[in-house]
Amino acid sequence: MPAARSFSALLLTWVRGGKRVLDAVLYSSVWLSGAALGLMWVTFLFWRVHIPGRLGALIFAATLFLYNLDSVLPYKQSQPPGFSRRKQWMQAHRRQLTLLTLAAGLVAGLLFLLDGRLLRLTPFLLHLGLISVLYSMPLLRRHGRWWALRDLPLLKVFLIAYVWAGVTVWIPALYLGRAVTEPVVLMLFARRFLFILALASVFDIRDYTKDLATGTRTFPGVIGIRATKWLATLVLLLAATLVPPGTPAGQEPVLLLPLLAAAGVIWGARENRPDYYFALLTDGVMVLQFLAVWWASRGSAGWFSGVAG
């Protein structure tokens with residue numbers, strides 16, 4: 001039937017178009033940048049404070065810049081993409097990613113210079129920025145290949161967890177005039193650090209064979225994939241015990257939801273999972289963290305009322 005064929009063709013066009021949009025959102029780090037914004041927002045929600053729109057935009061743009069900077073580095077582009085659709089997409093859209101990286105860096109820089117509070121935090125922010133830039137930047141050539149901070153034995157997941165926890169907990173705390181040594185700030189930082197540390201193990205599982213081939217020592221390569229999953233689960237259990245003072249009574253079950261989702265993603269992780277599993281689902285657990293806290297805040301009388309972006 002002509003009408004049926006026409007409808008099928010239209011539906012196929014929509015599906016393909018939707019997939020192209022999804023690929024662009026995921027593989028250009030827009031989704032991941034939204035997750036970073038959400039985790040920072042969670043910290044402001046905890047203190048019942050409006051998240052400053054300028055700061056939120058800065059964190060989104062800075063995350064977009066740093067993660068795409070890693071993608072467009074010449075030595076990364078020269079690596080064969082293999083069967084990874086993510087890497088194939090990045091190489092096919094290198095020009096667009098480069099322009100996006102430059103634009104995001106420019107926006108982040110301007111927002112930073114326009115924010116007096118952040119300018120006063122420059123000495124503290126500098127070390128987080130250096131770790132982020134040097135994480136994938138080739139620093140030393142050894143045994144015929146370039147080594148970055150991430151290639152140091154077992155360090156990769158700790159660097160990721162430290163920077164993400166520092167950006168999404170310490171920056172809001174300092175922005176609000178709180179010391180990073182306050183007990184509640186340390187508790188929030190520790191919980192966020194452990195949450196990201198456990199999730200980061202999923203990407204080590206994804207890169208298991210590649211890391212073995214390049215000599216990068218990660219937990220899956222040293223203790224095995226199954227043992228890594230158990231270790232990550234124990235880390236999540238430890239995170240669950242860290243309930244910061246000031247958390248409204250009765251909200252703990254809702255706040256456990258992202259940790260349970262993270263455990264499910266970790267145990268379901270396999271090296272041959274589609275890229276969507278890692279880019280959409282694993283990073284999506286961080287978005288779920290924001291949604292759970294935001295939803296819980298609406299159910300508490302006066303808690304986080306009227307928080308705006």
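In the predicted model, threonine 218 makes contact with Leu154, Lys156, Asp204 and Asp211, when residues within four places in sequence are set aside. Threonine 218 sits in the loop that joins α11 (208–214) to α12 (219–223). Its relative accessibility is 4%, so threonine 218 counts as buried, the limit being under 20%. Three of the residues named as its contacts, Lys156, Asp204 and Asp211, also belong to a network of salt bridges with shared partners, together with Arg206 and Asp207.

With a relative accessibility of 33%, valine 243 is classed as partly exposed. Beyond its neighbours within four places in sequence, valine 243 touches Met187, Arg191 and Glu252. Valine 243 and methionine 187 are 56 residues apart along the chain, yet their C-alpha atoms are separated by 7.5 Å.

In soluble globular proteins, nonpolar side chains tend to be buried together. Here, the largest nonpolar core contains 70 residues, and those with the most contacts inside it are Met40, Leu55, Leu118, Ile171, Phe195 and Met286. Helix α10 (residues 183–206) supplies the largest share of this core, 15 residues. Within the largest core, isoleucine 171 is one of the residues with the most contacts. Not counting residues up to four places away in sequence, isoleucine 171 touches Met40, Leu55, Leu118, Leu125, Leu128 and Gly166.

Side chains of opposite charge can pair when their charged atoms come close. The structure holds seven salt bridges. Aspartate 23 takes part in one with lysine 19, with 3.3 Å between the closest N and O atoms. Both residues belong to helix α1 (residues 2–27) and are four residues apart, about one turn of the helix. Aspartate 23 is buried, at a relative accessible area of 5%, whereas lysine 19 is partly exposed, at 34%. Aspartate 23 also forms a salt bridge with arginine 85, where the closest N and O atoms are 3.8 Å apart. This pair links distant parts of the chain, as arginine 85 is in helix α5 (residues 85–92) and aspartate 23 is in helix α1, 62 residues apart. A further salt bridge joins the side chains of arginine 178 and glutamate 182 at 3.1 Å, N to O.

Helix α15 (residues 275–298) consists of 24 residues and reaches 34 Å from its first C-alpha to its last, close to the expected 34 Å. A kink of about 35 degrees in α15 is centred on valine 285.

Methods:
Residues are numbered from 1 along each chain as its sequence is written. This is a predicted model: local features need pLDDT of at least 70, side-chain atom pairs count only at pLDDT 80 or more; totals for chains, interfaces and linings use all residues. Side-chain values use heavy atoms; hydrogens and water are left out. A nonpolar core is a set of buried Ala, Val, Leu, Ile, Met, Phe, Trp, Tyr and Cys residues joined through side-chain atoms within 4.5 Å. Buried means under 20% relative accessible area, exposed over 50%, partly exposed in between (1.4 Å probe, protein chains only). Helices (H or I, at least four residues) and strands (E, at least two) are DSSP runs, numbered from the N terminus. Contact means heavy atoms within 4.5 Å. The expected span of a helix is 1.5 Å times one less than its number of residues. The bend at a residue is the angle between axes fitted to the seven residues ending there and the seven starting there. A salt bridge is a side-chain nitrogen of Lys or Arg within 4 Å of a carboxyl oxygen of Asp or Glu.
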